[in-house]
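Have the model open beside you as you read.

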Amino acid sequence: MKKNTTLVTAGRPHQRPTHTVNPSVERASTILFATYEDMTASTGKITYGRLGTSTHRALEDAVTALEGGVETRLFGSGLQACALSILAFVKAGDDVLMTDSAYDPTRKFCDRFLTRFGVTTRYYDPSVGASIADLITDKTKVIFAESPGSLTFEVQDLPALASAAKAGGAKLVVDNTWSGGYYLKPLAHGADVSVQAGTKYMSGHSDCLIGSATAADDESARALFHAQLQLGVNVSADDAWLALRGLRSLGARLPLHEANGLKLAKWLVKRPEVARVLHPALKGAPGHALWKRDFTGASSLFGVVLKPVDVAGQRAFFNALSLFGMGYSWGGFESLCIKVEPELNRTATEWRDEGIVLRFHIGLEDVDDLTNDLNGAFEAMAAARG
């Protein structure tokens with residue numbers, strides 16, 4: 001089936017003559033069995049609430065179909081999905097190769113948590129491509145990619161990373177949140193695990209926290225399951241239901257996000273206050289060729305490097321915004337704008353731009369209203385400069 005049909009139909013196991021359109025919310029801790037035989041033959045069935053109910057299974061099945069994998073596990077947040085997708089494959093003495101453009105909380109997990117248990121993390125240039133093979137040792141068990149990076153939007157060469165990982169005996173884990181699982185299929189490009197912060201485009205309404213990790217094969221799926229099981233990770237049935245409801249409209253929302261994002265990105269390119277726009281779908285942007293090869297579309301999260309502006313100008317810009325919210329998330333129906341500082345989160349590469357970096361998430365509002373809002377903010381910034 002085509003993607004949009006899959007989004008509408010997956011995870012809807014109808015077993016009764018009459019049924020609801022969407023699976024209902026099933027909250028439970030204890031599961032009762034009708035007979036002794038049912039209880040002792042419960043392998044593969046729902047046995048305890050911590051392991052999920054039919055609501056969780058419906059979302060897992062839908063995400064598995066979207067990502068093109070064999071099994072999906074749900075987590076309490078995108079960060080939890082990233083962390084568990086690393087923990088599932090490492091032990092003391094092992095080594096992780098992490099992209100230098102990674103989501104900052106993922107970096108902090110590696111630097112502040114993994115090190116306590118004897119797991120080393122080395123950061124690599126996100127543009128390294130096939131040369132990552134030179135960094136792999138016999139201790140390297142996970143290569144972690146994020147394509148594009150959610151602060152500076154470098155697109156990574158996933159087939160090259162996957163080939164090197166396979167040759168070196170490592171697992172390739174890809175944070176696929178930017179595409180919503182809709183515009184990029186990491187597993188089809190050789191990745192072993194595709195991770196999403198379902199909090200973002202999957203749920204689409206900024207009202208739940210959830211993460212997912214989809215495995216490409218049975219071995220990776222078992223490792224993810226045991227990591228989840230042994231750490232007692234659980235997602236509420238209500239959040240799973242909200243994410244599943246959001247997933248149904250992903251195919252309608254993302255094209256509008258894409259169109260709005262591109263319109264605004266092209267408008268920003270022409271602004272005199274802007275030094276450059278970090279949007280992979282723009283011709284000439286870093287990583288555009290890889291984006292065009294591997295992606296079927298773009299989401300609406302991108303960066304803008306402003307020409308140098310003082311703190312007073314920055315404050316005036318943000319305080320003048322009325323439609324753009326200031327919040328540390330993205331993927332919902334509302335537009336957001338925050339200042340990010342990539343120079344603080346680099347060890348393998350150096351961020352050299354002098355101006356501040358703004359991260360935009362473009363929502364579902366009318367673009368003319370959004371450009372008017374930004375125009376007023378730029379005017380306020382100019383006035384503050386005197």
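Strand 6 and strand 7 (residues 211-215) run antiparallel and are joined by 5 bridges; strands here are DSSP runs of E with at least two residues, helices are runs of H or I with at least four, and both are numbered from the N terminus. Two strands count as paired if DSSP finds at least two bridges between them. Within this pair, Val 193 sits opposite Ala 215 of strand 7. Strand 5 (residues 171-175) is linked to strand 6 by 3 bridges, and these two run parallel, with Asp 175 opposite Val 195.

Please keep in mind that this is a predicted model, in which local features need pLDDT of at least 70 and side-chain atom pairs count only at pLDDT 80 or more, while totals for chains, interfaces and linings use all residues. Residues are numbered from 1 along each chain as its sequence is written, and side-chain values use heavy atoms, with hydrogens and water left out.

Why is strand 6 described as largely enclosed by the rest of the structure? Because 5 of the 5 residues in strand 6 (residues 193-197) are buried, that is, under 20% relative accessible area with a 1.4 Å probe, protein chains only. Val 193, Val 195 and Ala 197 point one way, Ser 194 and Gln 196 the other.

Now to the nonpolar cores, sets of buried Ala, Val, Leu, Ile, Met, Phe, Trp, Tyr and Cys residues joined through side-chain atoms within 4.5 Å. In soluble globular proteins, nonpolar side chains tend to be buried together. The largest core here has 82 residues, and Leu 59, Leu 268, Phe 317 and Phe 360 touch the most other members. Apart from it lies another core of 29 residues, including Val 96, Phe 144 and Val 173.

What about open space? The largest pocket has a volume of about 540 Å³. A pocket is found on a 1 Å grid over the protein atoms alone, as an open set of points with protein on both sides within 12 Å along at least five of seven lines; lining residues have an atom within 4 Å of a point. Grid points are joined across faces, edges and corners, and a volume is the space filled by probe spheres set on the points. Of the 30 lining residues, Tyr 103, Pro 105, Ser 150, Leu 151 and Arg 359 are the closest to the centre of the pocket. Strand 6 returns here: it is one of the elements that each supply at least two residues of this lining.

Key
Buried < 20%, exposed > 50% of the residue type's maximum accessible area, 1.4 Å probe, protein only. 1 Å grid on protein atoms, 1.4 Å probe; cavity = no way out; pocket = protein on both sides within 12 Å on 5 of 7 lines; lining within 4 Å.
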